[in-house]
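Dear colleague,

A summary of the findings follows it.

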Amino acid sequence: SQNCSRVTRLTKQVCTMAQQIEASAKPSIFARASTFALSKVKVGTPLYSLAYGAAAGVILSGLVYAGRTLSVFCFDHEYYKLQSRKRFYEKQLLFTREQEETAQAHQLASLSSEYDPVATRLPFKPLDAKYRF
């Protein structure tokens, strides 16, 4: 009605019709539901306590997550320890492989020193060339 005080007669009729429409319009289902929910969630009610506790839990778990992430990024040296152990293991593995290769070479050398090509020929036949060194 304040906006309709200084207008022409036609515009006044439009203003009164608009006010009638606004006055007769029911609030939407969302507006009624939110009003109902907010009336049930007041300080001291169980729903308020549950919502407050849930919000506090979400905030606390977020802080714990951030703290653990910060701890891993800044203070976790386990990665370096594991990398050092892996490097040491690789060096040890290479050393043992070299030792095994050397042992196999010595075994082949001792076998070849005992190798007697004449013993591989058939009796009373000449020695085949593939059995010679």
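Patches are built from residues with over 30% relative accessible area and no salt bridge, where like charges are joined within 9 Å and nonpolar side chains (Val, Leu, Ile, Met, Phe, Trp, Tyr) within 5 Å. A salt bridge is a side-chain nitrogen of Lys or Arg within 4 Å of a carboxyl oxygen of Asp or Glu. Accessible areas come from the Shrake-Rupley method with a 1.4 Å probe, and for residues only the protein chains shown count as cover.

The model is predicted: local features need pLDDT of at least 70, side-chain atom pairs count only at pLDDT 80 or more, and totals for chains, interfaces and linings use all residues. Residues are numbered from 1 along each chain as its sequence is written, and side-chain values use heavy atoms, with hydrogens and water left out.

Overall architecture and confidence

The protein has four helices and zero strands (DSSP runs numbered from the N terminus; helices are H or I of at least four residues, strands E of at least two). The average pLDDT, the predictor's confidence in each residue from 0 to 100, is 84, and 89% of the residues score at least 70.

Of the 133 residues, 2% are buried (buried is under 20% relative accessible area, exposed over 50%, partly exposed in between, with a 1.4 Å probe and protein chains only). The accessible surface comes to about 12600 Å², and carbon and sulfur atoms account for 64% of that area.

The nonpolar patch

Val-41, Val-43, Leu-47, Tyr-48, Leu-50 and Tyr-52 make a nonpolar surface patch of about 620 Å². Leu-47 belongs to helix H3 (residues 46-75) and is partly exposed because its relative accessibility is 47%.

Aromatic pairs

Two aromatic pairs were found in a search of the whole structure (ring centres of Phe, Tyr or Trp, the last by its six-membered ring, within 6.5 Å; planes under 30 degrees apart are stacked, over 60 edge-to-face, the rest tilted). Tyr-48 and Tyr-52 are stacked, because their ring centres are 6.1 Å apart and their planes meet at 25°. These two tyrosines, Tyr-48 and Tyr-52, are four residues apart in helix H3, so about one helical turn separates them. Tyr-48 is partly exposed at 30% relative accessibility, while Tyr-52 is exposed at 56%. Tyr-79 and Tyr-80 form an edge-to-face pair, with 5.6 Å between centres and 70° between planes.

With kind regards
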